[in-house]
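This report concerns the structure shown below. Please keep the sequence and the coordinates at hand while reading.

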Amino acid sequence: MEKGKNIINKKVTAASLLVALGIIYGDIGTSPLYVLKAIVGDRPINEMLVYGGISCVFWTLTFQTSIKYIYLTLKADNRGEGGIFSLYALVRRYGKYLVIPTILGATTLLADGIITPPISVASAVEGLTIIKGLEHIRTVPIVVIILSVLFFFQRFGTHKVGSTFGPAMLVWFSMLSILGLVQITNHPGILKALNPAYALRLLTEYPKGFWLLGAVFLATTGAEALYSDLGHCGIRNIRITWIAVKTCLMLNYMGQAAWIISLGENSLLGRRNPFFEIMPGWFLIPGIIIATTATIIASQAMISGSYTLISEAMNLNFWPRIAVRQPTDLKGQIYIPSVNNILWAGCILMILYFQSSTHMEAAYGFSITITMLMTTFLLTHYLLYRLKWNKILVFALFLLFTTVEFSFFIANVAKIRERWMFLFFELFIFMTMYVWYYARKTNNRFIKFVDLGKYAPGITELSKDRSIPKYSTHLIYLTKANHRHEVEEKIITSIFARNPKRADVYWFVHLNRTEEPHTLEYNVTELVEDSVIKINIDVGFRIQPKTELYFKKIIQELVVNKELNLHSRPDGSTKYNTDPDFKFVVIEKFLSVENEFSLREGILLNSYFLLKRLGQSDEKAFGLDKSDVIVEQVPLVYQQITNIELKRQIKKLIP
Amino acid sequence: MEKDFSWVLHDKYFKLTNKNIEVILRNGRMVRGVIVGFFLSGDEGSDQSITKWHIVDEMDAINHGVDGLGKKKGEVIRQRDISEIHFQEDDSIMKF
């Protein structure tokens, strides 16, 4: 399957290019709806502003998108997959501190994702207000309806409409370039704006020109998505389509600029959006429909991207386990109800709070600058340690991109005022990831492992001891022990303590999350033939584990290969039912009252167990059927309270 | 990547038949006994290393070195505190 996937990724066909166009360019491709409007704003129109703005957009797309993402970052593919977590999985062994930039990058990517659908859809729908007779139409309810329908249909998957995304985006990009070209022919002088000198003049000579970078940055906010969607399209398809996409985008940006310049020196743009103004009157309605469709596709990409991001975060232990569904048989297509609900609520709140795309422009982009800075930091490690590039070259690239991105960050800081409510959302995501990751680490440090080989004879003896009632034919424990001959102490306690659990075969199953995205392999070690068996299953971080299914498949393979005998044991229980029964034992931990914590540890661990309660149960997360699972509660003692002064009262006997 | 010596000790120790060892700590103290368990660093996947070892007297090794009330017998020593280990089985010494 993995091989097949890579072959598809390497192939470049008209169909694969069309798929790439439909999946990855929604965000960056719909930026012309609002970028130039945001740059000019209510400033008087002049050559320095308009030419400088276009020059900034062009060079931003060149540096940030073409060089950083299309050329450099796409190199960091993790078995064909991209995105900040894939990058982290590639470099995490080179520094424990890399966790923080990863969490920060993922947090900010998710946070700004909430504003992408409302700003895009609102920008498109607001086009209606320039149609005669619709000048006063209320666009907010329309945006709310479109977004609500979009989020509602997520549960059914996108397999039926997905095939139309590519052609729809092809129509969109064709429209962008044709509309732009018409305007450029009226004012060919706009081509001069590609000269970087205009960008430099705008930033250094125009009053408060540097702060315009906050608006310019909107042109490249979708660049991170190119990397996140690497797995869907493949590097060559992305690189080839980008040439066409960038050309279409620049033609449209320059066309809009040409129209703005034609308004005359010192005139004002007012409430007009140059994107719609360059459309001929007869084309307005079809143009708005095409634009709205493109923004819906862009929103869809953002929603799917958020599911993938959270799913990867769960598999890399950055996020509590939550329900993940597969709406279709399509590989990799997932639907996460809780994320869907949060995103829907967030998007609706955004449009209700900001009311228009213009207000959203003033809040959009800040978080993405942080994501990009974090990606640069992780990418530097990849180039340095994995690709072993020259240190000076890597440092120079790091310096270049950090300078560019830090400038954008500073220019976007002013937006915090407009987006203060995001800080709560960002803090919530960041703290969830931070608490989950570090508390789990703390938790892991207190798990004691023992030599399974030492207990194997005792387990065999118990298995044959008929004086003890049989607990199950097959007893399966999920273990965290990576090595073949070890299990957790609590598992041994569970087998022998209280009522010993007698079974014919004891299985110890370990799920190992690999740094590769799509691995699904296993190995079997028989510690005692046919009675104590350890299974290690390697599961890629993009795969939702289905332990019971894997386990039963492994059993089938062992039986077919005559390595395991399921029915040979003579036992009273098989007289009426010859089928072997499987019982999974899941050991759930809870914080013991005997603990004594420092403030940080106390907050961290209590928050962790609270999140655990809110999230999915262990048996569901491991893909186990409830009927086959026994859940045992085990108290966790990290640091026992030691200074207890308990005095015995000596009662005098009354004579 | 630095070699993780905790796993070198792990691999050698769990192949021994005579599991009695003498551990010399960096502060000069000596601990005698057998290893009944170990604790890993919090990292998951390939980054794990053994951070602590649970050592008990050979007589206390049953029930993985835990008494009837769940209290650990013996002592838990940190990998980084170990200076050297003397293995009784082959009379060899592993220095850290």
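**Domains of chain A**

The model is predicted. The domain assignment divides chain A into domain 1, residues 20-437, and domain 2, residues 449-636. Taken over C-alpha atoms, the centres of domain 1 and domain 2 of chain A are separated by 45 Å. To the contact between them, domain 1 of chain A contributes 16 residues and domain 2 of chain A contributes 17 residues. On the side of domain 1 of chain A that touches domain 2 of chain A, the elements giving two or more residues are α6 (84-91), α17 and α22 (420-445) of chain A. The greatest contribution to this side of domain 1 comes from α22(A), with three residues.

**An enclosed helix**

Helix α8 of chain A spans residues 116-125, and ten of its ten residues are buried, so the helix is largely enclosed by the rest of the structure. Among the buried residues are Thr116(A), Pro117(A), Pro118(A) and Val125(A). The buried residues of α8(A) pack against several helices of chain A, namely α3 (26-29), α7 (99-113), α9 (139-152), α17 (284-315), α18 (337-354) and α19 (357-361).

**The six-stranded sheet**

In chain A, an open sheet is formed by six strands in the order β5-β6-β4-β2-β7-β8, with mixed pairing. The edges are taken by β5 (520-528) and β8 (629-636) of chain A; each has a single partner strand, so one side of each is left without a neighbour in the sheet. On average, neighbouring strands of this sheet are turned by 25° against each other, direction ignored. Eight bridges pair β5(A) with strand β6 (residues 532-540) of chain A in the antiparallel sense. Within this pair, Leu520(A) is placed opposite Val539(A) of β6(A). Helix α23 (residues 452-464) of chain A packs on the sheet, where it touches β4 (502-514), β5 and β6 of chain A. The direction of α23(A) makes about 145° with that of β4(A).

**Contact between the chains**

Chain A gives 18 residues to the contact with chain B, and chain B gives 17 residues. On the side of chain A that touches chain B, the elements with two or more residues are α22, β1 (448-451) and α24 (489-496) of chain A. Strand pairing also crosses between the chains: two bridges join β1(A) to strand β2 (residues 30-40) of chain B, and these strands run antiparallel. Phe449(A) has Phe38(B) in β2(B) as its bridge partner.

**A loop residue of chain B**

Is Asn18(B) buried or exposed? With 11 other C-beta atoms within 10 Å, Asn18(B) is exposed, the cut-off for this class being 12 or fewer. Asn18(B) belongs to the loop between α1 (5-13) and β1 (21-25) of chain B. When its neighbours within four places in sequence are left aside, Asn18(B) is in contact with Gln88(B) and Glu89(B). Lys52(B) is 34 residues apart from Asn18(B) along the chain, and their C-alpha atoms are separated by 21 Å.

Definitions and conventions. Residues are numbered from 1 along each chain as its sequence is written. Chains are lettered from A and ligands numbered from 1 in the order in which they are written. This is a predicted model: local features need pLDDT of at least 70, side-chain atom pairs count only at pLDDT 80 or more; totals for chains, interfaces and linings use all residues. Two strands pair if DSSP finds at least two bridges between them. Helices (H or I, at least four residues) and strands (E, at least two) are DSSP runs, numbered from the N terminus. Axes are lines fitted to C-alpha atoms, for helices over the stretch in contact, and angles run from 0 to 180 degrees between N-to-C directions. Two residues are in contact if their C-beta atoms, placed from the backbone, lie within 7 Å. A residue is buried if 20 or more other C-beta atoms lie within 10 Å of its own, exposed if 12 or fewer, and partly exposed in between; C-beta atoms are placed from the backbone. Domain bounds come from an automatic or database domain assignment.
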